[in-house]
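Subject: Structure handover

Hello,

Here is the structure for you to look over. My notes on it follow below.

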Amino acid sequence: IGGTITACQVHVDDFGGSRKGVQHLFSLGHRRIAHYAGPQSHPAHQERLRGFLDAVHEAGLRMDATPVVHSEADLAAVLHNSARPTAMLTFNAAAAILVYRYSREIGLSLPVDLSIVGFDDEAFAGVVDPPLTALHVAPEMVAGSAFALLERQFAREEVPSQTLVPTSLVVRASTVSR
């Protein structure tokens, strides 16, 4: 699950999830959408960035209006910029909470000044203020897919080299129309 060593892998559709997040924000009228992509040493973060860039390109958004940040220092700089984004996709829910904190420190009102979508629908996502719109990954689907592939391998059936488990968008109060 999520590895790169075995011949048969189960992965979350990080690419497609990021696309869903950007498409949601775009559908709400946001045209300055940033991505807090985090460290790129993790393959899932790389796929999330790739999905973000693909969705931004497909929407025809200008690259100067869609900054990608990798560190907390870059995040703070983007939020302090006078041409700051109106929306942000974060690489996970914990990163979204960091965006909440930085935004509030500089006096932004969430989600009016900044709409936020976080990856990974952690348990706390629904109880933060405002509740976080998140890309949900169902762990039971990941485990179930892996188990089904294992059963097929034991039965000596052919199995795909990679199985992608989709994400679903859980819309909560952290995103609003522009």
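A residue counts as exposed when its relative accessible area is over 50%, and as buried when that area is under 20%. Anything in between is partly exposed. Arg62 is at 55% relative accessibility, so it counts as exposed. Please keep in mind that this is a predicted model.

Salt bridges next. Arg62 pairs with Asp64, with the closest N and O atoms 2.9 Å apart. Asp64 also counts as exposed, because its relative accessibility is 60%.

The whole structure holds 9 salt bridges. One of them joins the side chains of Arg19 and Glu58, at 3.0 Å from N to O. Arg19 sits in helix 1 and Glu58 in helix 2, so this pair ties together parts that lie 39 residues apart in sequence. Buried or exposed: which is Arg19? Arg19 has 14% relative accessibility and so counts as buried. Glu58, by contrast, is exposed, with a relative accessible area of 54%.

Asp121 and Arg172 meet through their side chains in another salt bridge, 2.8 Å from N to O. These two come from distant parts of the chain, 51 residues apart. Asp121 is in the loop between strand 5 (115–119) and strand 6 (133–136). Arg172 is in the segment after strand 8 (168–170). At 19% relative accessibility, Asp121 falls under the 20% limit and therefore counts as buried. Arg172 is at 23%, so it counts as partly exposed. There is also a network: salt bridges with shared partners join Asp14, Arg48 and Asp120.

Which elements each supply at least two residues of the lining? They are strand 1 (9–12), helix 1 (14–27), helix 2 (43–59) and strand 7 (162–165). Helix 2 gives the most, with 4 residues. By type, the lining divides into 8 nonpolar, 4 polar and 4 charged residues.

Last, the surface. Phe147, Leu150 and Phe154 form a nonpolar patch there. Together they have about 350 Å² of accessible area. Leu150 belongs to helix 5 (residues 139–154). With 37% relative accessibility, Leu150 counts as partly exposed.

Best regards

Conventions: Residues are numbered from 1 along each chain as its sequence is written. This is a predicted model: local features need pLDDT of at least 70, side-chain atom pairs count only at pLDDT 80 or more; totals for chains, interfaces and linings use all residues. Side-chain values use heavy atoms; hydrogens and water are left out. Ala, Val, Leu, Ile, Met, Phe, Trp, Tyr, Cys and Pro count as nonpolar, Asp, Glu, Lys and Arg as charged, and the others, Gly among them, as polar. Patches are made of residues with over 30% relative accessible area and no salt bridge: like charges are joined within 9 Å, nonpolar side chains (Val, Leu, Ile, Met, Phe, Trp, Tyr) within 5 Å. Accessible areas come from the Shrake-Rupley method with a 1.4 Å probe; for residues, only the protein chains shown count as cover. A salt bridge is a side-chain nitrogen of Lys or Arg within 4 Å of a carboxyl oxygen of Asp or Glu. Buried means under 20% relative accessible area, exposed over 50%, partly exposed in between (1.4 Å probe, protein chains only).
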